Amino acid sequence: MAAYIAAGLVVAIVMRALGEMTVEKPVAGSFSKYAHDLFGERMGFVSGGMWWFLWVATVMSELAAIGKLVQFWFPHFPAWIPGFLALILFTVSNLGLAE
């Protein structure tokens with residue numbers, strides 16, 4: 001229980017700090033831009049790369065879960081097909097090609 005409270009406090013402090021930086025210096029981009037400006041080019045690149053990897057890993061696990069969920073309902077249906085269709089849907093929606 002104490003670990004959850006400590007983690008929640010750390011997250012709250014980080015979010016508050018990001019909010020303060022956004023008010024002080026609004027920039028186009030993500031928090032990696034702040035890391036670049038405050039800690040240098042290397043830290044900006046590392047934080048942006050870690051954020052990219054986090055989302056790649058998250059999306060891939062979600063696609064695998066979609067495939068397994070469809071396979072639960074239709075056991076003989078290949079799991080890669082719904083995952084691939086969801087990947088196409090995610091890509092098109094993020095690229096703005098669906099307009």
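How many residues does helix 4 have, and how far does helix 4 reach from its first C-alpha to its last? Helix 4 covers residues 80-95, which makes 16 residues, and reaches 22 Å, close to the 22 Å expected at 1.5 Å a residue. (That expected span is 1.5 Å times one less than the number of residues; helices are DSSP runs of H or I with at least four residues, numbered from the N terminus.) The model you are looking at is predicted, so local features need pLDDT of at least 70 and side-chain atom pairs 80 or more, while totals for chains, interfaces and linings use all residues. Residues are numbered from 1 along each chain as its sequence is written, and side-chain values use heavy atoms, without hydrogens and water.

Pro82, Gly83 and Ala86 are buried (under 20% relative accessible area, with exposed meaning over 50%, using a 1.4 Å probe and protein chains only). Seen down the axis, the buried residues of helix 4 fall within an arc of 100°, so they line one face; the arc is taken from the directions from the helix axis to the C-beta atoms. The face turned away from this buried side carries the exposed Trp80, Leu85 and Leu95.

What do the buried residues of helix 4 pack against? Their partner is helix 3 (41-73).

Finally, just after helix 4, glycine 96 takes a positive phi of about 80°.

How values were computed:
Helix = DSSP H or I, 4+ residues; strand = E, 2+ residues; numbered from the N terminus. Contact = heavy atoms within 4.5 Å.
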